[in-house]
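I opened this notebook to keep track of what I looked up, entry by entry. The sequence and structure come before the notes.

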There are 2 protein chains.
Amino acid sequence: MKLNTDRIHDRIAALAEIGKTSEGGARRIALTDEDKLGRDLLVSWMKDAGLDVAIDKIGNIFGTLKGEQNGSPIMMGSHIDTVGNGGHLDGCYGVISGLEVITTYVENNITPKLDLCVAIFTNEEGVRFLPDMLGSLVYAGGMGVASAHDIVSTDGQTLLEELIRANYLGTMECGSVIPHAFIELHIEQGPILENENIFIGAVENVQGISWTGVTFRGQANHAGTTPMHMRKDAGLAAARLIVAVNEIAESIGDGQVGTVGVISPKPNLVNVVPGEVYMTVDLRNSDEEKLKAAEFMLNEVIEYICDEDGVRVDMEKLVRFEPVKFDDRLVDLIADVAKEKVTFYKRMNSGAGHDAQMMARICPSAMIFVPSKDGISHNPKEHTSRKHLDSGAEVLLETVMRLDDGYLG
Amino acid sequence: MKLNTDRIHDRIAALAEIGKTSEGGARRIALTDEDKLGRDLLVSWMKDAGLDVAIDKIGNIFGTLKGEQNGSPIMMGSHIDTVGNGGHLDGCYGVISGLEVITTYVENNITPKLDLCVAIFTNEEGVRFLPDMLGSLVYAGGMGVASAHDIVSTDGQTLLEELIRANYLGTMECGSVIPHAFIELHIEQGPILENENIFIGAVENVQGISWTGVTFRGQANHAGTTPMHMRKDAGLAAARLIVAVNEIAESIGDGQVGTVGVISPKPNLVNVVPGEVYMTVDLRNSDEEKLKAAEFMLNEVIEYICDEDGVRVDMEKLVRFEPVKFDDRLVDLIADVAKEKVTFYKRMNSGAGHDAQMMARICPSAMIFVPSKDGISHNPKEHTSRKHLDSGAEVLLETVMRLDDGYLG
């Protein structure tokens with residue numbers, strides 16, 4: 001069987017026309033008119049391929065090709081909603097490639113043993129509705145449907161209202177079909193594969209995430225008249241913490257990352273010592289124990305800084321997810337296929353969150369990564385070469401074929 | 001001769017009623033309606049005391065009591081314009097006390113040998129018109145009158161238009177009267193006197209000021225997917241510079257201060273490594289050579305940070321003033337008077353800019369400081385105890401008397 005990779009690229013381009021921004025980016029925020037048009041297009045393609053289309057109560061879309069046996073489907077897929085000015089590939093590449101794998105079976109008149117299914121999950125990006133990865137979270141039982149329906153968008157609509165408005169409130173029960181396996185093909189959204197000139201990442205883990213909001217409160221003072229020893233400089237405290245967060249990440253090493261992304265001083269004037277700084281600390285690791293160690297070090301260093309600089313602190317835990325470990329055998333399969341088909345592959349972690357981490361709660365799951373140019377994503381500049389996109393789709397097809405041949409038993 | 005200190009406090013309170021903000025602060029921004037009303041009130045008090053009132057071409061107001069001799073006046077004064085929500089004392093205290101000194105001569109029927117003059121300088125704060133200390137700058141010849149008239153306010157009016165509108169475009173030539181000496185009584189606007197429990201500061205210098213805008217440019221990257229060693233984190237570069245600026249100030253010591261007041265990262269998102277940070281560095285010293293050394297160290301450390309963190313930098317010199325040294329004999333006189341009258345005094349520097357530093361270009365000048373509660377100024381909370389305000393006015397009176405007795409020869 002051979003994929004029609006031209007069709008993958010044509011479809012990525014066609015979907016990109018819906019909600020195209022002036023910078024050439026994609027704007028199909030969950031359950032807006034543009035997202036609905038994108039969904040309609042995908043559903044029409046599923047129907048063209050002869051798939052059964054089902055919509056569940058959270059608006060997830062499933063296109064299924066019946067196999068010879070009754071049983072759980074091999075599920076592929078991702079999402080097609082975007083951030084405000086995102087790229088063409090994030091999510092869409094995995095959905096369109098999954099559909100292409102199934103269409104290849106159809107067009108070759110090959111009936112798989114197991115059902116093959118491609119899923120489109122609702123609100124992965126979390127731009128309008130929080131939390132992100134909502135469709136897969138609810139499908140996997142992590143949140144009740146009724147609670148999810150009550151979530152209010154940033155523009156004041158409930159998710160239920162918007163599902164009805166878009167005509168994507170389905171009747172299928174969330175979680176009613178437990179996949180045999182779930183595989184999400186996705187762009188890396190980071191620079192590792194490109195940097196190492198590797199074509200395929202077999203994703204073993206999704207990093208755990210710990211976000212902390214830190215407010216240092218010192219004393220706003222005149223920059224000219226306040227001697228250094230009489231200051232309580234919240235900006236200096238913030239600076240020491242930024243340096244310390246980098247030291248923590250480097251001392252733990254081995255995939256630990258630490259980032260201060262937000263730095264908001266008050267009053268933020270050239271001639272006033274900052275009296276208050278709000279900042280965020282983002283810590284991630286695929287190993288929960290190491291992530292806990294990083295959090296412990298963060299707390300210790302903040303306490304030290306408060307003593308040293310005479311400032312007070314308020315801390316707020318903004319987000320905390322434990323790392324997700326994907327299915328070992330599935331990762332091995334992807335790695336084996338990648339080694340055979342494209343040679344240059346590596347086992348790696350995902351630094352970003354994905355629907356697959358939710359699906360991992362209910363079935364063997366894993367991800368296939370392809371390189372992202374300059375590691376850029378959530379941006380109109382998001383790009384992956386055709387060669388890499390094609391390799392990823394081929395690895396997906398071969399992985400599905402081996403699963404259908406009974407790899408997992 | 002005894003001052004009527006009650007009248008000083010009553011007049012400070014009366015002036016504070018004009019442009020009073022909801023927080024109880026003062027809002028009489030230069031050449032607004034409120035500033036005009038404040039000027040009118042001061043002029044009426046000058047006339048009540050029988051002073052000759054002259055307005056110069058930049059709107060500075062001079063109230064003069066003729067002395068026995070023809071010659072240069074002993075000039076006191078400051079400004080009465082304010083920041084957007086300032087205190088009652090900044091500037092006003094020096095003007096009202098100066099008027100009180102002269103009024104004391106008048107009411108005691110004592111004719112001084114020299115003319116006594118109280119000045120109100122235009123636009124000291126620089127909120128509507130830049131630069132600040134404009135009236136004294138022009139008076140001292142640091143800027144031409146025509147250029148100053150062309151300065152456009154933040155609300156789009158020229159200074160000339162606003163002088164005419166307020167009816168404070170005078171005919172006196174700027175700089176046409178060169179004072180025998182200029183003495184500015186002012187609140188410290190810093191914490192040093194209060195902290196050391198000292199009543200009077202004899203101000204020897206105004207610190208030189210060096211403001212630099214620094215933009216670090218790195219690479220905005222995903223906080224989850226970008227390994228530490230592949231980052232070009234402009235936020236980390238900024239943090240290292242903040243720490244370094246504090247180290248520079250402390251290593252030079254001896255009155256050197258260094259402040260990073262503005263820190264503006266882009267995109268300022270929790271999960272994105274800052275790609276760019278704009279920040280300001282404020283360095284001050286009363287010794288020009290030491291200030292130059294601090295600037296040299298700043299440049300060196302920025303170069304080091306760029307190498308270390310893989311970021312690029314753009315630097316912009318925003319402000320550069322050399323330190324101003326006040327007249328030695330005048331400072332000695334103030335110190336002597338303070339020692340006799342109130343015991344607790346110290347020689348010190350001014351960290352803020354004042355009209356006296358402009359007047360120092362054309363005549364022997366110095367300043368008298370009184371404590372500021374908690375070092376707070378430019379704020380409705382600005383406060384100095386009555387005891388301290390009275391001491392300052394007494395030192396001013398005695399200083400003027402000794403000048404009139406021929407102290408400077």
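**Entry 1: a helix checked by its length.** Before reading off a helix, I noted that its expected span is 1.5 Å times one less than its number of residues. I also noted that I am working from a predicted model. I then took helix α10 of chain B, residues 328-342, whose 15 residues should span 21 Å at 1.5 Å a residue, and since its end C-alpha atoms are 21 Å apart, the two agree. Directly after α10(B) I came to Thr343(B), which has a positive phi, near 70°.

Entry 2: I repeated the length check on α1 of chain B, residues 5-16, where twelve residues reach 17 Å from the first C-alpha to the last, close to the 16 Å expected at 1.5 Å a residue. Which residues of α1(B) are buried? I listed Ile8(B), Arg11(B) and Leu15(B). They cover an arc of only 70° around the axis, which means that they sit on the same side of α1(B). I reminded myself that an α-helix has 3.6 residues a turn, so residues three or four places apart point the same way. The other side of α1(B) holds Asp6(B), Asp10(B) and Ala13(B), which are exposed. For the packing partners of the buried residues of α1(B), I wrote down α2 (33-48), α3 (92-107) and α12 of chain B.

**Entry 3: domains of chain A.** According to the domain assignment, chain A has domain 1, made of 5-206 and 323-404, and domain 2, made of 208-321. The centres of these two domains of chain A, taken over C-alpha atoms, are 36 Å apart. I found four residues of domain 1 of chain A in contact with nine residues of domain 2 of chain A.

I then superposed chain B on chain A, which takes a rotation of 180° with 0.0 Å of shift along its axis and leaves an RMSD of 0.1 Å. The two copies are therefore related as by a two-fold rotation axis. Among the residues of chain B, Ala239(B) comes closest to the rotation axis, with its C-alpha at 2.1 Å. The same surface serves both copies, as 100% of the contact residues of chain B recur in chain A.

**Entry 4: backbone exceptions.** I kept in mind that most residues other than glycine have a negative phi, and that most peptide bonds are trans. In chain A, a cis peptide bond joins Leu130(A) and Pro131(A), with omega about 0°, and Pro131(A) is in the loop between β4 (116-120) and α4 (134-139). In chain B, the bond from Lys266(B) to Pro267(B) is also cis, with omega near 0°, and Pro267(B) is placed in the loop between β10 and β11.

Leu31(A) has a positive phi, near 65°, and lies in the loop between α1 (5-16) and α2 (33-48) of chain A. Is Leu31(A) buried or exposed? I counted 25 C-beta neighbours inside 10 Å, so Leu31(A) is buried. Asn109(A) has a positive phi as well, near 55°, in the loop between α3 (92-107) and β4 of chain A, but Asn109(A) counts as exposed because there are 6 C-beta neighbours inside 10 Å.

Methods. Residues are numbered from 1 along each chain as its sequence is written. Chains are lettered from A and ligands numbered from 1 in the order in which they are written. This is a predicted model: local features need pLDDT of at least 70, side-chain atom pairs count only at pLDDT 80 or more; totals for chains, interfaces and linings use all residues. Domain bounds come from an automatic or database domain assignment. Two residues are in contact if their C-beta atoms, placed from the backbone, lie within 7 Å. Copies are superposed by least squares on the C-alpha atoms of residues with pLDDT of at least 70 in both. Helices (H or I, at least four residues) and strands (E, at least two) are DSSP runs, numbered from the N terminus. A residue is buried if 20 or more other C-beta atoms lie within 10 Å of its own, exposed if 12 or fewer, and partly exposed in between; C-beta atoms are placed from the backbone. The arc is that of the directions from the helix axis to the C-beta atoms.
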